[in-house]
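I opened this notebook to record what I looked up in the model below.

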Amino acid sequence: MNPLVPDFILEQDAEGQYAGALDAAVLHVSLPAVVELAEQTVARQSVDPDALRPLFDPLFEAVHQSGGFVAAFSPAGGFTALFPDRPGRNVTRHARSAALAMRRSLLEFAARRALGAVGAQQMPFRIGLAWGTVHWTIVRIAQDRAYYLLYGPAIEACQASERGADDSELHLDRSFRERLPAASARESVADLDEPDLAGPLSLTVTSTPAGADVAAFLPPGAGDLAPEGEIREVTTVSLSLDRIASPTELIQQLHEIAAMYGATFAGMNVTDRGFGAMFYFGAPVAHESDHDRALDFALELKSNGLGVPRIAVGITRARCLVGFFGGEGRREFACLGRSVHLAAQIARKAAPSSIWADERAFLAGEASHQWSTENIFRFDGFDLPILVYSLERRRIAVQEEFYDLGPIGRESELERLTRALEPLFEGRSAGVVYIVGEAGIGKSYLVHSYRHQRAQLMDMRPLLWMEARCDQTLKSPLYAFEFALKEYLGISSEIGQSAKQAGLDLALQLLLERLPKGWSEVRDGIERSRGALARLLKLRKDDPAAPGGEAERRGDAVAALAALLVAESSLQPVVVHLDDAQWADPTSLEAVRAITAACRDLPLAVICSARPGASGEAEVHIPLEPGIASQRIDVPPLPPERLLSLAEPFFGGPLPTMLESLIGQTAAGNPFFAQEILAYWLEDGRYGSAHDTARSSRFMPPRTMNSLLVARLERLEPRTKQTVIAAAVLGREFDTRVLARMIPDASALVDHLRFGEAQRIWSRMGEHRFEFCTVLIRDAAYGMLPKLLAERQHRLAAEAIEAVYGEDLEDQRAALESHRKLAS
């Protein structure tokens, strides 16, 4: 007897018989205790390979002694046994005797548990018995992979017992009772307390046929698991299907789709409604993207339809006990845990053609997929109602895919920028290049495209690129160049003062080693800049009593920056990008003037990307030294046809009429506005063909960019939205350690950060630092705060900064003072 696959199946497979039917008594026992024991094992994080044997061994022995075999296990922890009909033998009596023996064994097991463990819970069970025709099928996918399924009305009748209350009783269907001898065809368990078989039971247990191909019926990778089992993070996808005449083709389809997504197809099973199927992601083979694979797999099942009238999917995620479980007489690969049982229940309750999931599955997939809240339901084995979410579709990261399409419509501006910077690669200064355009028009993208283009050149000369980012809130003197210097040195606010000082010293030492010995003037300039650069990085405190005032110290810092860039541009071309220059403080603009003057004969360029002056405000203009070149590149709105060409790849053809009108007119040629309209449309779920005017006419996004961004943020799950707003309070950049102290549930922050990255709300800068992908999103999120709540959030931010940085606050002094001021 082979414990992993029923001998009956192995016999048919060895003989080349792949389908048939037999009359049999069917027994199904529901054992919720199995699930609870698995949960206790996971909670203890200590796997005991023999934990379930005392429960299962007597049950399997009763089945085998009565001439039956264990056909399959259940996600709820029980199993189904068959007692094939034999001439001259009433198998219903043997099946009933096996059921009575199992009942006694389970009651004794429960009694031992109650005596052995103080406060041990009751161990209810339910045994169903039925009679009828059982069909069987073997599906040979390949030489090394096969599935089997036993199904039919009798098994369905028994499965119905699993959905009833576990009352430790026997439940016989009409067909089973009618086949019992008249004297014992009674429904009361009390009347059936003793078997009425005379003499020893008839034994029909066979031996495993020679040459049986057991391995083909086992999931790939199952043999690599530890013999005692393992604890794994598993996403379970359970499928509920209507009855069909023959499941052979269906099993083949499910295998092919599961293989595409890397799922472990654990085979089909019978339910009281028809068929079910169980798929595991994360066991026995694990992939880094298992959960996303599971969600995409579920969506594929839904869109495929599988040729059945009704299909519904349930998804859960949790740590499970993984391995081969059962007893000596029968074992089967399984993932055990309440989440597996819950997935099957969710699938049975789910509406046709829908995909429902529990909260953990939703949270793990919130960043990559679009969801809606379904409802709260009660499920067997769970004391409290469970909130269920509905999986709608995979999120389309419009912003990221827009970014990957290339500079469509900006070819002429990119060519102008390339020509403007060409002197750098001839060893000459390119002066200042102004890139001017409205918010969201694509200024930063144009600069990024140029930088990416240079990086792709095969004959590229070394190029040092320094990002000097201005901030609307933190307008402390030289903030943009403080940011650039930290990027240049590869240091961040996350490290301590001593580490920052070490980073500065090492960088300057390496720079001096690269400079030729004869460049004494350049080398002396670097040596003189050490103290001023350290003060700019807040590594040294300014002494109010020291000679000279604040203006002189700022002048020293500007001179130090100029000396640094003279040294670097003497070695290679240098580009300094002053981003969002409309917010630059006066000292940063003075620094640009000084740097370009010092490097007038060296390959250095300063790109100033800025918005045009608002009503009553002057545009950014830096009074340069005579002879320093400057030029302006305007970034105008894109023509409507260009915007539409950016949107069409998301539809694979013509856009819906309403969306085409919105992008062509409402976006006003602004690509960022256009991509946000497109993202809003796709996430809304009312998109269809170009002729789908009935649905698309209901779609009406906000008419301004800021209100559209606010509307998109409002759609976020409330806790995620709260995190985004709290991050916006901290500024364009934020420290996740500080943010964790500002939100109610810090344990959810990792999921929220992952979601924000996937949706290009922000991107990672370091271990603890993130930045908003665009200041427009940050400003929209910050603007959602009422004044009183904003003050409270700034107060929380100040307290969090003090708590995180402790005595090492010097680098955070400007931010701390800003938050305190805004909190008052």
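**Entry 1: the chain.** I note at the outset that the model is predicted. I counted the secondary structure and found 29 helices and 22 strands. I then looked up burial: 54% of the 824 residues count as buried.

**Entry 2: helix 1.** I asked how many residues of helix 1 are buried. Of the 8 residues in this helix (residues 7–14), 6 are buried, so helix 1 is largely enclosed by the rest of the structure. I listed the buried positions as Asp7, Phe8, Ile9, Leu10, Gln12 and Asp13. Their packing partners are strand 1 (19–30), strand 2 (69–73), strand 4 (126–142) and strand 5 (145–151). After the helix comes Gly16, with a positive phi near 75°.

**Entry 3: helices 15 and 17.** I examined how helix 15 (residues 497–514) meets helix 17 (residues 550–571): their axes come within 11 Å and cross at roughly 45°. The two helices are therefore oblique to each other. I recorded the crossing of helix 15 past helix 17 as left-handed. Helix 15 contributes Leu508, Leu511 and Arg514 to the contact, while helix 17 contributes Leu564, Ala567, Glu568 and Leu571. Sorted by class, I found 5 nonpolar and 2 charged residues in this contact, with no polar residues.

Methods: Residues numbered from 1 in each chain as written. Predicted model: local features only at pLDDT ≥ 70, side-chain atom pairs only at ≥ 80, totals over all residues. Heavy atoms only, no water. Axes fitted to C-alpha atoms, helices over the stretch in contact; angles between N-to-C directions. Helix = DSSP H or I, 4+ residues; strand = E, 2+ residues; numbered from the N terminus. Parallel < 35°, antiparallel > 145°, perpendicular 65-115°, else oblique. Left-handed = near helix turned anticlockwise from the far one by under 90°. Contact = heavy atoms within 4.5 Å. Nonpolar A, V, L, I, M, F, W, Y, C, P; charged D, E, K, R; others polar. Buried < 20%, exposed > 50% of the residue type's maximum accessible area, 1.4 Å probe, protein only.
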